[in-house]
Amino acid sequence: MKSGTYIKRTNRPLQLYAVLFLIALYVPVLFLPLFSFNDSIYVKFPLKGFTLQWYIELIDREPVWASLMNSIKVGVTTSIIATGFGIFAAKAITRYRLPGRGPVVGFIMLPLVVPGIIFGVALLVLLSQLGVRLSLYTVTMGHIIVCLPFAIATLIPRFEGFDKSVEEASADLGENAWWTFWRVTFPMVFPGILASLLLTFTVSFDEFIMAFFLSGTDATLPMYIWSQLRFPQSFPSILAMASIILLVSFILVFLGQWINRGAQSGSLESE
Amino acid sequence: MTKNNAFISFQNVNKFFGKFQAINDVSLDIDHGEFFSLLGSSGCGKTTLLRMLAGFEGVSSGEIYIDGQPMSGVPPHHRPVNMVFQNYAIFPHLNVRDNIAYGLRKQKLSRTKRYEMVDEMLELIKLPEYGDRKATQLSGGQRQRIALARALILKPKVLLLDEPLGALDKQLREQMQLELRALQKTVGITFVFVTHDQEEALTLSDRIAVMSEGCDLQVDTPTRLYENPVSRKVASFIGTMNFFDGTVMSIKDGNAVLKVDGLGEVSAPAGTVPLLAGNTVSVAIRPEKFLLSNKKPAGAQCSVKGQLNNAAYLGERSHYYVSIEGVPQPVAVSAQNRDRAKEAEGQSRPVWLSWDSTAIVVLKDV
Amino acid sequence: MSADHATEIPGRTAPLSKTGRLSIMLQKSESLRAYSLLSPTLIIMAIGILVPFGILIVMSFWTQVGFGFDMAPTVANYEMAGERPIYGALLKRSLWISSAATVATVLLCYPMAYFVAFHVHRNKMMWIVLMTLPFWTSYLLRVFAWKVVLGYDGVINSALMNTGLVEAPLEFLLYSQTAVIITLAHAWAAFAILPMYVSLEKIDRSLLEAATDLGDGPVMRFLRITLPLSLPGVISASLLIFIPTTGDYITPALLGGPDGSMIGNLIQKQFGAVNNWPMGAALAIILMLSIAVIALGFMFTTNYIRKRIS
């Protein structure tokens with residue numbers, strides 16, 4: 001009999017399935033970097049040889065840099081604002097008796113569930129009726145709305161994971177709400193805040209649909225990629241760009257999750 | 001709502017959570033320098049009362065005064081009270097020294113002065129050299145002491161303790177009880193202590209408020225609570241109690257003559273409760289107030305014959321259960337095991353119970 | 001250290017400070033404090049969700065005139081959507097594709113969620129991070145990756161051709177409904193795994209031990225205890241995949257082709273080439289209503305079934 005209790009006997013077929021699943025999950029995406037080093041315009045087997053030319057070519061492409069800067073600008077703004085509001089929202093949701101909490105939280109989380117196109121279209125209609133010109137600002141607005149639920153979802157486990165009585169102790173010892181927040185709450189949720197910043201930045205950086213509907217003349221990086229998709233010669237360069245973006249996104253999100261590893265909803269963790 | 005001279009005063013305090021009434025018209029006073037306990041089983045409202053004193057819960061109606069000042073509208077961080085939380089609430093991201101010094105920030109003392117005070121405190125709680133330890137590296141008992149130090153360093157007028165010893169094992173708890181008592185005497189601050197453990201309350205307190213379902217049943221010294229409970233509820237909450245039903249026959253010179261089921265005619269001190277002939281009452285006698293003998297005792301004031309059913313040997317004492325005709329429940333008798341070799345004592349046989357009339361408590365509620 | 005010190009502390013002498021009336025009100029009402037904290041978020045979401053949707057609904061009753069609008073309310077758009085078969089067909093197809101993708105995803109991901117919940121004893125978090133990591137990265141790029149994989153000259157075809165398994169490239173892989181379904185299932189896997197994992201993780205292990213003690217083998221145990229108790233997670237997962245994918249735009253645009261185009265594409269065209277915004281608005285509203293109806297129906301059915309079982 002293998003080790004572990006009866007219920008937890010190892011299940012070989014299931015293990016195999018899990019491994020295959022992970023492979024299936026990652027491999028399609030990994031083809032992108034694979035072919036970005038391939039010395040051929042065509043994305044097909046057999047591989048023709050290793051080259052860095054597609055990456056090097058990117059350096060000269062001015063629109064690449066411009067759209068990259070735009071994406072960064074939008075991403076940083078979005079992440080700061082979404083995380084900032086998210087902190088207060090998470091605190092309100094977890095710490096207080098909130099009448100109507102269920103519907104309110106559901107309402108705030110709507111952008112996670114509703115198809116992006118509906119939001120994009122709705123905001124486009126609103127802005128055009130208000131006479132607001134489309135620009136990076138409008139894209140940022142759209143991104144904030146989409147990223148707020150992510151921020152709140154990341155921060156809530158962090159707030160729930162720590163003991164309310166620590167904040168009461170701080171108040172008891174003489175600190176008002178503001179000081180309690182700075183001296184106790186903030187340091188303890190800080191990993192969550194960092195994770196939220198990284199996550200919302202990544203979501204904004206990669207986001208396409210809202211940008212598609214709400215951007216004006218300045219394009220974000222995903223918009224630029226989209227516009228290049230119709231040119232087969234650009235394919236490998238796009239692959240190169242995609243690979244870089246994927247790598248950066250992976251790292252950022254992984255960092256965020258790793259920093260935030262102390263907070264988990266639904267499982268015990270000792271600090 | 002008038003102020004009185006007590007140091008802490010609850011006056012007609014009520015608390016509702018939605019429709020549920022957690023505190024029901026509680027009025028009690030706590031004196032300066034007292035070790036005062038709130039005792040009751042879970043849900044009785046003792047923690048709610050404590051939190052209202054601290055400022056974490058508002059008062060639905062009524063008023064709380066501390067040192068003559070009304071407390072409504074005063075947030076917790078402005079009140080002259082400090083609290084030791086049930087789970088200690090030690091700040092995990094700070095070390096021991098910073099935890100204890102936490103509340104000193106507002107006093108704008110120099111760092112050396114602050115650290116001096118912290119070191120003093122560490123000496124007081126018998127954890128010197130612990131200053132640099134991380135909060136997460138401490139045991140339960142150590143955290144408890146740090147929580148105490150953290151509160152005491154601010155020299156509050158009142159220290160509130162919310163079941164602080166509940167999480168400790170028996171031996172540590174007993175040790176901490178003694179230390180707490182000594183500490184309170186040394187520091188001289190008023191302690192308000194919440195517990196569900198009646199032995200703990202009896203050991204530590206100057207006075208105890210027994211609570212049940214949001215009401216304070218009796219506020220008294222441990223001795224009086226034990227010997228002179230005012231109601232059946234209080235009587236059975238503290239220690240074990242035997243109850244008998246009876247009627248008042250007559251009252252003369254502060255003595256009542258009662259006819260009690262199973263015990264016959266009995267005389268007892270009338271007590272402070274006004275009694276009239278004909279009242280139905282409960283007669284309460286503690287197990288250790290009975291004397292158990294195999295033969296009818298000569299010259300005893302009152303005695304009755306019964307049948308011994310059961311005995312339980314508890315080391316230093318034994319509990320005997322005697323059934324008496326006319327009494328539905330077996331009477332519990334407790335006696336110290338003065339002699340050795342008591343095996344035979346548990347055998348079922350006729351026995352005699354005798355008692356002194358001063359051992360009887362007459363309760364009006366049945 | 002005597003009690004005398006108690007009155008000498010600065011800041012603690014009488015009178016005690018009572019902060020202003022607003023603060024008192026805030027101090028007394030916890031709900032008020034909660035909502036004031038929540039207000040910035042609520043304001044943003046109200047502006048971002050309620051207002052645009054309101055305008056969307058209003059605009060669906062307008063008519064496009066050149067680059068402006070005739071704001072006289074009319075149901076012409078909805079009528080057209082009801083009459084012309086293409087709208088209905090496209091909506092049906094979108095719902096069908098989403099449903100297929102949902103079923104596929106849930107079925108494929110359940111064993112994975114089960115594995116991590118029951119058979120991973122260390123580093124559970126790492127597995128979860130690994131499974132959900134791809135989801136946080138660019139949706140566009142992941143769809144693009146599948147385009148590369150499924151293409152006529154793509155990875156699968158060229159690999160198969162090279163090894164001689166087939167003679168001609170497989171046509172059906174790209175620009176078809178299948179392509180869309182496969183891609184959607186792959187892209188939204190993480191959304192399925194998380195709720196099912198949480199649901200499975202919550203199951204009290206002692207229930208399973210009790211079942212074993214009472215005579216159930218592993219299969220029966222799964223069917224009678226694990227599966228029913230994990231149903232809430234399965235339902236959440238299904239809804240979390242079905243609802244967003246119905247209106248997906250990127251996937252059908254990149255690899256749906258004419259056969260695999262969905263209603264999202266049509267809506268986008270209304271705001272682009274076709275330039276009929278009110279129609280687009282109407283279609284969006286219709287899409288939302290369809291999703292709502294199906295989702296509610298699904299939830300009622302599962303609730304009904306659950307009540308019948310227990």
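In chain A, 79% of the contacts with a separation of 6 or more are accounted for by residues 24 or more positions apart. The model is a predicted one, and the predictor assigns the complex an ipTM of 0.78 and a pTM of 0.73. Chain A contains twelve helices and zero strands, so that its elements, read from the N terminus, run α-α-α-α-α-α-α-α-α-α-α-α. Taken along the principal axes, a box of roughly 70 × 70 × 30 Å is filled by the C-alpha atoms of chain A. Chain A has 271 residues, of which 49% count as buried.

Contact between chain A and chain B involves 15 residues of chain A and 18 residues of chain B. On the side of chain B that touches chain A, ten residues are nonpolar, six are polar and two are charged.

Chain B is assigned two domains, domain 1 (8–236) and domain 2 (240–363). The centres of domain 1 and domain 2 of chain B, taken over C-alpha atoms, are separated by 39 Å. Six residues of domain 1 of chain B are in contact with six residues of domain 2 of chain B. The side of domain 1 of chain B that touches domain 2 of chain B consists of two nonpolar residues, three polar residues and one charged residue.

The largest nonpolar core comprises 264 residues, and the members that touch the most others are Val121(A), Leu160(B), Val283(B) and Ala113(C). Helix H7 (residues 136–160) of chain A supplies the largest share of this core, with 14 residues. Because domain 1 (8–236) and domain 2 (240–363) of chain B both give residues to the core, it lies between them. For Val283(B), leaving aside neighbours within four places in sequence, the residues in contact are Phe244(B), Gly246(B), Leu258(B), Val260(B), Val266(B), Ala268(B), Ile360(B) and Val362(B).

Confidence was examined for chain C, which has a mean pLDDT of 80, with 89% of its residues at 70 or more. Within chain C, the highest confidence is found in helix H4 (residues 85–119), at a mean of 91, and the lowest in helix H1 (residues 21–28), at 58. Over residues 1–17 of chain C, pLDDT stays under 50, and the model has 19 contacts beyond four places in sequence for this stretch.

Terms used:
Residues numbered from 1 in each chain as written. Chains lettered and ligands numbered in written order. Predicted model: local features only at pLDDT ≥ 70, side-chain atom pairs only at ≥ 80, totals over all residues. Contact = placed C-beta atoms within 7 Å. Nonpolar A, V, L, I, M, F, W, Y, C, P; charged D, E, K, R; others polar. Domains from an automatic or database assignment. pLDDT = per-residue confidence, 0-100. Helix = DSSP H or I, 4+ residues; strand = E, 2+ residues; numbered from the N terminus. Buried ≥ 20, exposed ≤ 12 C-beta atoms within 10 Å, placed from the backbone. Core = buried A, V, L, I, M, F, W, Y, C linked by C-beta atoms within 7 Å.
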